[in-house]
Amino acid sequence: MTQKVAVLGTGKIGEALLSGMIRAGWNPADLLVTARRRERAEELRTRYGVTPVTNPEAAKTADTLILTVKPQDMGTLLAELAPHVPADRLVISGAAGIPTAYFEERLAPDTPVVRVMTNTPALVDEAMSVISAGTHATADHLAHTEEIFGAVGKTLRVPESQQDACTALSGSGPAYFFYLVEAMTDAGILLGLPRDKAHDLIVQSAIGAATMLRDSGEHPVKLRENVTSPAGTTINAIRELESHGVRAALIAALEAARDRSRALASGNS
């Protein structure tokens, strides 16, 4: 791995990506970072052995630029980078809702851009990263992007038109599960369990259920039916979930998240 990669705006996700790349075999000497605060950049140098640089230096030096700033800060970053980014640089965007065309309009003609939606389980190497090619990105650019983000989890290629839906399902997805665990923990307390025991019960149940979904090859309906005996506890609970419209609420929530991703793409704050 001899290509130089720069992570610009290195926050939690950017740091998780750096850490995962190093564990996957990347040489820290080939990794550059930028950060808004000098103390943050020096902290990354001390922790990982990477090289802090300015944004223009990253654009001039690195073969691949990974932009991890918040969507509302992307315009300012691109204005700073544009005079320094040659057309042969691969630009990878991790900003939710911003299409590849936004970058292509602001950078040199024919600059290859790849859009990536990842999520916070990157912090524990269990990310789901969804990858889409811009107009000038080749199969090699996509493969290189997969190599980078594969260091922190799974990757999936989709047409860019599906990115907003993927953001709603997976980019925001961990928050839905955390919300569900929070609600179930409160229910456990209501039923008489101490918070720590309720938490442990639910978290391990979630891990076990997720592993079965991943490894069994069974449809979730089949797995649910295996738990749901006639006139038992589970079917009574599911009846309550259905009567309270939980399924419809989830669908509406995901539609709202998708619509917000579209709004971000159109520049609406």
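The model is predicted: local features need pLDDT of at least 70, side-chain atom pairs count only at pLDDT 80 or more, and totals for chains, interfaces and linings use all residues. Residues are numbered from 1 along each chain as its sequence is written, and side-chain values use heavy atoms, with hydrogens and water left out.

**Sheet layout**

- Eight strands form an open sheet with mixed pairing. Their order is β3-β2-β1-β4-β5-β6-β7-β8.
- The edge strands, β3 (51-52) and β8 (153-157), each pair on one side only.
- Strands (E, at least two residues) and helices (H or I, at least four) are DSSP runs, numbered from the N terminus. Two strands pair if DSSP finds at least two bridges between them.

- V113, R115 and M117 point one way from β6. V114 and V116 point the other way.
- β5 (residues 90-93) and β6 run parallel, joined by three bridges. I92 has V114 as its bridge partner in β6.
- From β5 the chain passes through helix α5 (residues 100-106) to β6, a right-handed β-α-β crossover. Right-handed means that, with the strands pointing away from the viewer, the path from the first strand over the helix to the second runs clockwise.
- β6 and β7 (residues 127-133) run antiparallel, joined by four bridges. V116 stands opposite I131 in β7, and M117 has V130 as its bridge partner there.

**Helices on the sheet**

- Helix α1 (residues 12-23) lies across β1 (5-8), β2 (31-34) and β4 (64-67). Helix α1 runs at about 170° to β2.
- Helix α7 (residues 163-171) packs on the sheet and touches β6 and β7. Its direction makes about 30° with that of β6.
- Contact means heavy atoms within 4.5 Å. Axes are lines fitted to C-alpha atoms, for helices over the stretch in contact, and angles run from 0 to 180 degrees between N-to-C directions.

**Annotated domains**

- UniProt (unreviewed entry) lists residues 4-97 as "Pyrroline-5-carboxylate reductase catalytic N-terminal". That span is 40% helix and 19% strand, with its end C-alpha atoms 27 Å apart.
- The unreviewed UniProt entry lists residues 160-263 as "Pyrroline-5-carboxylate reductase dimerisation". Residues 160-263 are 82% helix and 0% strand, with end C-alpha atoms 15 Å apart.
- UniProt positions follow the numbering used here, feature names are shortened, and annotations may be inferred rather than shown by experiment.

Definitions and conventions: Buried means under 20% relative accessible area, exposed over 50%, partly exposed in between (1.4 Å probe, protein chains only).
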